[in-house]
Amino acid sequence: MRVLADSLVALVAIAHLWFMALESFLWRTPIGLKALGMTPEQAEVTAVLAANQGLYNGFLAAGLFWSLWPQAPAPLALKVFFLGCVIVAGVVGGLTAKWTIFLIQALPALIALALTWFSRAA
């Protein structure tokens, strides 16, 4: 079960690398506009905020990858903390921006957290 839990943690981290790239580098491009359903005008007005948001997603990805590092100090605590941050961000985003954010961001992290918690003794 631990391999499955760590695999899901890695997938959540990879997703956050994608979010970082989308928000920091692809926001105004056709890929970003299509992925987020925005007009070029909307993207232009929100680009600075998106870049900042992308940076935070990069931090979340870094923390999750760090938690998977074999020599990481307190890897369980790191996983719980960073997955918890992702869950909170996904719930807030789902409530305030678009409900699908919960499905894309919070739900995978919630499943990863549950698997991580249940596999800790295995």
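## Helix α3 against helix α4

In this predicted model, helix α3 passes helix α4 in a left-handed crossing. The axes of α3, which covers residues 40–68, and α4 come within 8 Å and cross at roughly 155°. Because angles over 145 degrees count as roughly antiparallel, α3 and α4 are described as roughly antiparallel to each other.

The loop between α3 and α4 contains Ala 74. Although Ala 74 is not a glycine, its phi is positive, at about 50°. The relative accessibility of Ala 74 is 49%, and this residue therefore counts as partly exposed, given that the exposed class begins over 50%.

The handedness of the crossing between α1 and α4 is left-handed.

How do the axes of α1 and α5 cross? The axes of α1 and α5 come within 8 Å, and the angle at which they cross is roughly 155°. This makes α1 roughly antiparallel to α5, and the crossing of α1 and α5 is left-handed.

## Salt bridges

A search of the whole structure returns three salt bridges. One of them joins the side chains of Arg 2 and Asp 6, with an N to O distance of 3.8 Å. Arg 2 and Asp 6 are four residues apart in helix α1, so about one helical turn separates them. The side chain of Asp 6 also meets that of Lys 79 in a salt bridge, here with an N to O distance of 2.7 Å. This pair links distant parts of the chain, since Lys 79 belongs to helix α4 and Asp 6 to helix α1, and the two are 73 residues apart. Is Lys 79 buried or exposed? With a relative accessibility of 5%, Lys 79 counts as buried.

The side chains of Glu 44 and Arg 28 form another salt bridge, at 3.5 Å from N to O. Glu 44 lies in helix α3, whereas Arg 28 lies in the loop between α1 and α2 (30–36), so the pair ties together parts that are 16 residues apart in sequence. Glu 44 counts as partly exposed because its relative accessibility is 49%. Salt bridges that share partners join Arg 2, Asp 6 and Lys 79 into one network.

## A nonpolar patch on the surface

Which residues form the nonpolar patch on the surface? The patch is formed by Val 91, Leu 95, Trp 99, Phe 102, Leu 103, Ile 104, Leu 107, Leu 110 and Ile 111, which together have about 860 Å² of accessible area. The elements that contribute two or more residues to this patch are α4, residues 75–96, and α5, residues 100–119. Helix α5 gives the most to the patch, with six residues.

Val 91, one of the patch residues, is found in helix α4.

Ile 87 and Leu 103 are 16 residues apart in sequence, and their C-alpha atoms are 10 Å apart in space.

What separation do the C-alpha atoms of Val 80 and Trp 117 have? These C-alpha atoms are separated by 8.1 Å, although Val 80 and Trp 117 are 37 residues apart along the chain.

Terms used:
Residues are numbered from 1 along each chain as its sequence is written. This is a predicted model: local features need pLDDT of at least 70, side-chain atom pairs count only at pLDDT 80 or more; totals for chains, interfaces and linings use all residues. Side-chain values use heavy atoms; hydrogens and water are left out. Patches are made of residues with over 30% relative accessible area and no salt bridge: like charges are joined within 9 Å, nonpolar side chains (Val, Leu, Ile, Met, Phe, Trp, Tyr) within 5 Å. Accessible areas come from the Shrake-Rupley method with a 1.4 Å probe; for residues, only the protein chains shown count as cover. A salt bridge is a side-chain nitrogen of Lys or Arg within 4 Å of a carboxyl oxygen of Asp or Glu. A crossing is left-handed if the near helix is turned anticlockwise from the far one by less than a right angle, and right-handed if clockwise. Axes are lines fitted to C-alpha atoms, for helices over the stretch in contact, and angles run from 0 to 180 degrees between N-to-C directions. Angles under 35 degrees count as roughly parallel, over 145 as roughly antiparallel, 65 to 115 as roughly perpendicular and the rest as oblique. Buried means under 20% relative accessible area, exposed over 50%, partly exposed in between (1.4 Å probe, protein chains only).
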